[in-house]
Amino acid sequence: MDALPDFDVIRPTSIAEVVAARKAHPDSRMIGGGTDLLVNIRRGIEKPPVLIDTAGLDELKTIEADETGLTVGASVRLVDLATHEGVRRHYPAIAEAAGSIAGPSHRNMGTVGGNIALDTRCIFYNQSEWWRETNNHCLKTELGEMCHVAPKSKGVCFATYSGDLAPAFLLFGGSVDLAGPEGERSVAMNDFFIGYSKQDGSTGDGIVYMAIKPGEMIVRVRATGTPGLNSAYDKVRIRRTIEYPVAGCAAAVRRDGDAIADVRIAFTGTNPRPVLLEGTDALVGKPWDENAQQVVDDLCKDQLMSMKTTFTPGHYRRRVATQMSKRLVGRLFEQPA
Amino acid sequence: MAKRLISFTLNGKQHDGVAPDNTLLLDYLREGLKLTGTKTGCDGGECGACTVLVDGRPQLSCLTLVGQVEGKTVETVEAMSVNGRLSPVQEGFHVKLGSQCGACTPGFIVAAEGLLRENPTPTDDDIKWALGSNICRCTGYIKIYEAVRYAAAKMRGEEPAPYPPTDYSKVA
Ligand SMILES: Cc1cc2nc3c(=O)[nH]c(=O)nc-3n(C[C@H](O)[C@H](O)[C@H](O)COP(=O)(O)OP(=O)(O)OC[C@H]3O[C@@H](n4cnc5c(N)ncnc54)[C@H](O)[C@@H]3O)c2cc1C
Ligand code: SF4
Ligand code: FES
Ligand code: FES
């Protein structure tokens, strides 16, 4: 029965206990549902000596949702977020994103914290140990020295962030509450994800993709409501269930008469971070017509990466993401508030 | 590595055992308890062959540490039959030929059981969506949907629709 390497599991029942356990075991990893982490452990991608289970943290199992704001505990199961009445009513993009993650049995297990912290993905990384060895490993694990996606990357990794919840939260000014040795702090989600992969090393990349300090855990995620905002989520995947997104898109629109009053677009599956598209303000006050669509095309071309970290060509990913966003915005623009 | 006492309800009975922390529920059931009805397929959360019910909800036992079910209720395919008779879902798979090689069948039966307990009147879309974590390489799924519809009717005390109930033009 040795499918997995040796490790001990600690099962705390309070945040204070987690923080103490993290301090006592600096190499430990948090485990929520384990639907991402256990696969990686099994594939020899990581070998944490200690896992800290978030399932016993009852204080992090609540969802509070009304039109002004949403607070979700890190130990909430995806199925419960996807089916929550208040979330479906006020934050449909978040409920739809949660309901589109992996398959139904996975959603019965996977947690919100685990989905936000989801490891970045790449065809050269999410493979068995033997596969990676025959390919000389790559930068993202300690065993490799080069990036096979971009051999001249100068130590930078482009592995793709694929969590579905983050783009949906980004629409609503999402933030992440963290607890650590210095107490709790809250970080805007757009600053939390730092996988910009700049070659001067000034920010994070596919390896260091979250602004989380050693010993910290995610305790809650938050969103802020905006009256009159329609939102939705869509994703393209190779199989319609049990599959990470080729690309995912969250969009929100408020319409005023014949013009756009507010539009927000965010992506996953394209860059080493979820991307809240910058520059959509240019569409405000304008109708949703060909010119507006051209603006979205240009913004996507500028901000979405086309690295080949998955089975599909990189350019396909970017094109499909762009197309999805225009379809979503068009649909939301026509939808009564 | 420490071994730990574990206790949970397994197929209706209290179960107490000992296992190291890194033991997967799948291996504990199959290798430890010789409950080999639960199948190993992909070992990585991609096929659903290992599905069991945890507190009534379908979960993947290949991605569950046995310690994660401490104090919970676990049901495997072995618990589905009633007094030696096939459950409605099992009968559906039998009558409607929902099983060919059989490797995926226990997982589908357990996932379908989870659905029908929660939703006795599923639409075709509900069925497809609820079985979305399970893969079958043989049947093409249509016979599986028929099996679940058959079981749903039986569980509601209705006569299952006669063959052939599927409008193939509507099956994507
Ligand atoms: C076949 C398959 C398909 C999948 N498809 C999708 C998909 O379409 N979209 C998608 O988004 N995901 C997908 N997943 C991944 C996964 O199921 C989900 O992302 C799930 O939400 C992860 O949550 P978890 O609780 O299981 O995470 P875990 O595996 O427990 O943890 C994931 C990571 O988060 C860290 N972590 C967990 N909790 C915390 C915390 N509180 N604070 C800090 N770090 C923490 C862990 O250390 C680990 O690095 C898929 C997985 C499989 C096996
Ligand atoms: S992008 Fe490069 S370094 Fe990163 S996981 Fe892929 S091959 Fe490895
Ligand atoms: S063996 Fe568990 S999902 Fe395939
Ligand atoms: S019957 Fe063979 S895989 Fe489903």
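## Domain interface within chain B

Between domain 1 of chain B and domain 2 of chain B, four residue pairs are in polar contact, with both residues of each pair at pLDDT 80 or more. The model is a predicted one. On the side of domain 1 that touches domain 2, strand S3 (residues 51–54) of chain B gives the largest share, three residues. By class, that side of domain 1 holds six nonpolar, five polar and three charged residues.

One salt bridge is found across this domain interface. A salt bridge also joins the side chains of B:Glu75 and B:Arg117, at 2.8 Å from N to O.

## Extent of the domain contact

Chain B splits into domain 1 (3–79) and domain 2 (88–165), whose C-alpha centres are 23 Å apart. The contact involves 14 residues of domain 1 and 13 residues of domain 2.

Together the two domains of chain B bury about 1000 Å², with 60% of that area on carbon and sulfur atoms. Of the area buried by domain 1, B:Thr51, B:Leu53 and B:Val77 supply 38%, more than any other three residues.

## Interface of chain A and chain B

The two chains meet through 36 residues of chain A and 33 residues of chain B. They bury about 2800 Å² between them, 52% of it on carbon and sulfur atoms.

Two salt bridges are counted between chain A and chain B. A:Arg43 and B:Glu46 form a salt bridge through their side chains, at 3.5 Å from N to O.

Elements giving two or more residues to the chain A side include strand S1 (8–10), helix H2 (37–42) and helix H6 (104–109) of chain A. H6(A) supplies the largest share, six residues. The chain A side comprises 14 nonpolar, ten polar and twelve charged residues.

Conventions
Residues are numbered from 1 along each chain as its sequence is written. Chains are lettered from A and ligands numbered from 1 in the order in which they are written. This is a predicted model: local features need pLDDT of at least 70, side-chain atom pairs count only at pLDDT 80 or more; totals for chains, interfaces and linings use all residues. Side-chain values use heavy atoms; hydrogens and water are left out. Contact means heavy atoms within 4.5 Å. Buried area is the accessible area (1.4 Å probe) that two parts lose on being put together, summed over both. A salt bridge is a side-chain nitrogen of Lys or Arg within 4 Å of a carboxyl oxygen of Asp or Glu. Helices (H or I, at least four residues) and strands (E, at least two) are DSSP runs, numbered from the N terminus. Ala, Val, Leu, Ile, Met, Phe, Trp, Tyr, Cys and Pro count as nonpolar, Asp, Glu, Lys and Arg as charged, and the others, Gly among them, as polar. Domain bounds come from an automatic or database domain assignment. A polar contact is a pair of N or O atoms within 3.5 Å; within protein, one must be able to donate a hydrogen and the other to accept it, and residues adjacent in sequence count only if both atoms are side-chain atoms.
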